[in-house]
Protein chains: 2
Amino acid sequence: MNIGEASKASGVSAKMIRYYESIGLIPSADRTGGGYRSYADTDVQRLRFVRRARDLGFSIPEIADLLGLWSDRSRKSADVKRLAQAHIEGLEQRISDLQQMVDTLRSLVACCAGDDRPDCPILETLEKPGIRD
Amino acid sequence: MNIGEASKASGVSAKMIRYYESIGLIPSADRTGGGYRSYADTDVQRLRFVRRARDLGFSIPEIADLLGLWSDRSRKSADVKRLAQAHIEGLEQRISDLQQMVDTLRSLVACCAGDDRPDCPILETLEKPGIRD
DNA sequence: GTTGACATTCCCACGATGGGAAGGTGTAAG
DNA sequence: CTTACACCTTCCCATCGTGGGAATGTCAAC
């Protein structure tokens with residue numbers, strides 16, 4: 001299977017497949033006589049694994065860990081679970097940071113008349129020294 | 001005021017001050033005879049404005065817009081409000097994407113025994129074709 | 001054998017930030 | 001006056017994950 005077919009089958013762009021190979025996230029693909037990368041079904045399955053992990057927000061190093069566990073038949077599911085839970089905590093931290101921004105912005109927006117006049121509590125708040133200053 | 005002092009006073013690193021200047025987000029600073037950048041209080045105020053906007057998750061282009069409104073005495077507060085509301089929507093989209101990941105991961109984690117055995121529904125789900133395949 | 005669709009490698013870009021090297025400036029103490 | 005030190009300058013490189021494009025090579029079909 002060519003890289004293009006593997007790309008379609010896995011949902012990972014050819015560009016990213018080469019990149020993942022270059023950083024060692026996935027093993028180097030076999031090559032045909034003409035130098036084309038050649039993929040088997042198991043390779044595609046691994047690529048799909050990577051893509052789905054990316055869709056769930058795992059970073060490349062985290063995916064490297066997941067792939068290690070994936071191919072380790074003597075793995076403990078507790079290790080996988082721990083990894084997933086740590087990732088959930090990271091995601092929730094990011095959500096909480098973003099939510100904090102939204103809350104602040106909402107309170108500012110609520111104070112802004114939103115009319116033709118220039119007076120705007122949003123800008124005034126931004127220019128004033130804040131809590132951390 | 002030197003860049004170091006302006007940095008302390010504004011909470012923006014010297015590195016970022018130079019960067020903001022290089023991309024045209026802030027005007028080029030005056031220079032002393034020795035070539036040092038020199039900042040006045042109004043410059044520091046602008047830097048603080050930028051930092052606070054960054055803290056609220058605004059991108060550089062958005063901050064450029066905000067700075068434009070900030071220095072425009074004939075601005076309409078409605079324009080500022082619109083910009084802030086659009087930003088809130090962007091943030092909420094990101095939150096919703098992250099929350100979707102968390103929800104999926106939570107449901108997987110809930111199915112994982114988390115013991116010494118290798119069987120793990122998290123890995124199994126990642127390796128299987130998903131909704132979008 | 002030509003054409004067209006693929007493949008290859010290599011370099012560049014993003015956004016926002018940090019690190020560090022190599023060299024210049026300013027100031028305080030010896 | 002010199003030396004030391006803290007600060008400044010510019011320049012390049014790295015991150016992370018992804019895309020774009022150029023120049024060149026391969027394969028399959030007609």
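Predicted model: local features only at pLDDT ≥ 70, side-chain atom pairs only at ≥ 80, totals over all residues.
In terms of numbers, the contact draws 52 residues from chain A and 52 residues from chain B. If we look at the side of chain A that touches chain B, the elements that give two or more residues are helix 3 (41-55), helix 4 (60-70), helix 5 (77-111) and helix 6 (121-127) of chain A. Helix 5 of chain A supplies the largest share of that side, with 21 residues.

Let me turn to the symmetry. In general, two copies of a chain are related by a rotation about an axis and a shift along it. Here, chain A is superposed on chain B by a rotation of 180° with 0.0 Å of shift along its axis, and the RMSD is 0.1 Å. That is the relation of a two-fold axis. Which residue of chain A comes closest to the rotation axis? It is I95(A), whose C-alpha lies at 2.7 Å from that axis.

Next, one residue in some detail, namely F49(B), which has its place in helix 3 (residues 41-55) of chain B. Is F49(B) buried or exposed? It counts as buried, because 22 C-beta neighbours lie inside 10 Å, where the cut-off for a buried residue is 20 or more. Leaving aside its neighbours within four places in sequence, F49(B) is in contact with L67(B) and W70(B) and also with L126(A) and E127(A), so that its contacts involve both chains. F49(B) and V12(B), for their part, are 37 residues apart in sequence, while their C-alpha atoms are 10 Å apart in space.

DNA strand D is surrounded by 19 residues, and the closest are G34(A), I60(A), N2(B), G4(B) and R37(B). The elements that give two or more residues to the surface near DNA strand D are helix 2 (14-22) of chain A, together with helix 1 (3-10) and helix 2 (14-22) of chain B. Of these, helix 2 of chain A accounts for the largest share of that surface, namely three residues. By class, the surface near DNA strand D has six nonpolar, nine polar and four charged residues.

Definitions and conventions:
Residues numbered from 1 in each chain as written. Chains lettered and ligands numbered in written order. Contact = placed C-beta atoms within 7 Å. Helix = DSSP H or I, 4+ residues; strand = E, 2+ residues; numbered from the N terminus. Buried ≥ 20, exposed ≤ 12 C-beta atoms within 10 Å, placed from the backbone. Least-squares fit on C-alpha atoms with pLDDT ≥ 70 in both. Near = placed C-beta within 6 Å. Nonpolar A, V, L, I, M, F, W, Y, C, P; charged D, E, K, R; others polar.
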